[in-house]
Amino acid sequence: MDCVFCKIIAGQIPCDKVYENGAVLAFLDIAPISRGHVLVVPKLHFQDLAATPAETVSAMMDALQVIAPAVLRVTHAPAFNVGINNGAAAGQIVMHTHFHLIPRIDGDGLQSWPHQRYGPEESAGLAKDIAAALR
Ligand code: AMP
């Protein structure tokens, strides 16, 4: 399969590994948003979050919780963002599901996403539609 993360997991491409267990590999992002930016990747290939079994997502989150304090200790960052680019329109480039762990420090200049406002009644209708779609 032509997947860069599968190749890293198979040892065919090098990575700066920080953590590994039976289900998950974590390594430094090659083009970090901040110093210590880590990718948490399941060892099995799933295209996106929807395709990833719950136990694998759980293993990814468990690994993230183990890794995050170590990243903060080493980078001296007091905080971090966890991100998932899920689907091409959301910026997913590597179609092998993964979490981004991005250390943050005050004044690091990284912008948060811009917020919008709902029109009158718009949010109530939208929430109702989403709740109905869950039934
Ligand atoms: P995404 O946009 O969520 O698919 O992010 C994919 C991430 O993988 C990007 O931040 C890339 O910098 C990173 N990446 C791509 N190739 C490699 C590689 N060989 N080693 C480490 N990180 C990589």
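**Exercise 1. The second largest pocket**

What is the volume of the second largest pocket? Describe its lining as well.

*Solution.* The model is a predicted one, in which local features need pLDDT of at least 70, side-chain atom pairs count only at pLDDT 80 or more, and totals for chains, interfaces and linings use all residues. Residues are numbered from 1 along each chain as its sequence is written, and side-chain values use heavy atoms, with hydrogens and water left out.

Step 1. A pocket is found on a 1 Å grid over the protein atoms alone, as an open set of points where a 1.4 Å probe fits, with protein on both sides within 12 Å along at least five of seven lines; lining residues have an atom within 4 Å of a point. Volume is the space filled by probe spheres set on the points, with grid points joined across faces, edges and corners.

Step 2. The second largest pocket has a volume of about 250 Å³.

Step 3. Its lining consists of 14 residues, and those nearest the centre are Ile8, Phe27, Leu28, Asp29 and Ile30.

Step 4. Helix H1 (4-9) and E2 each give at least two lining residues, and H1 has the largest share, with 3 residues. Helices (H or I, at least four residues) and strands (E, at least two) are DSSP runs, numbered from the N terminus.

Step 5. Sorted by class, the lining holds 12 nonpolar, no polar and 2 charged residues. Here Ala, Val, Leu, Ile, Met, Phe, Trp, Tyr, Cys and Pro are nonpolar, Asp, Glu, Lys and Arg are charged, and the others, Gly among them, are polar.

**Exercise 2. The largest pocket**

Give the volume of the largest pocket and the class make-up of its lining.

*Solution.* Step 1. The volume of the largest pocket is about 400 Å³.

Step 1. The lining has 13 residues, of which Ile33, Asn81, Gly83, Ile102 and Trp113 are the closest to the centre.

Step 2. E4 and E5 are the elements that contribute two or more residues to this lining.

Step 3. The classes are 6 nonpolar, 6 polar and 1 charged.

**Exercise 3. The chain as a whole**

State the order of helices and strands along the protein chain.

*Solution.* Step 1. The chain has 3 helices and 5 strands.

Step 1. Along the sequence they follow the pattern α-β-β-β-α-β-β-α.

Step 2. Along the principal axes, the C-alpha atoms fill a box of roughly 50 × 40 × 25 Å.

Step 3. Of the 135 residues, 30% are buried; buried means under 20% relative accessible area, exposed over 50% and partly exposed in between, with a 1.4 Å probe and protein chains only.

Step 4. Among contacts with a separation of 6 or more, 52% join residues 24 or more positions apart. A contact means heavy atoms within 4.5 Å.

**Exercise 4. Helix H2**

Step 1. The buried residues of H2 include Ala59, Met60, Ala63 and Ile67.

Step 2. After H2 comes His76, with a positive phi near 60°. His76 is in the loop between H2 and E4 and is exposed, because its relative accessible area is 68%.

**Exercise 5. Val24 and Ala23**

Is Val24 buried or exposed? Is Ala23 buried or partly exposed?

*Solution.* Step 1. Val24 lies in strand E2, and Ala23 in the loop between E1 and E2.

Step 1. Val24 has a relative accessible area of 0% and is therefore buried. Ala23, at 32%, is partly exposed.

Step 2. Neighbours within four places in sequence aside, the contacts of Val24 include Tyr19, Val40, Met60 and Ala63. With the same exclusion, Ala23 is in contact with Val41, Pro42, Lys43 and Ala59.

Step 3. From C-alpha to C-alpha, Val24 and Pro42 are 4.4 Å apart, at 18 residues apart in sequence. Ala23 and Val41, also 18 residues apart along the chain, have C-alpha atoms separated by 8.6 Å.
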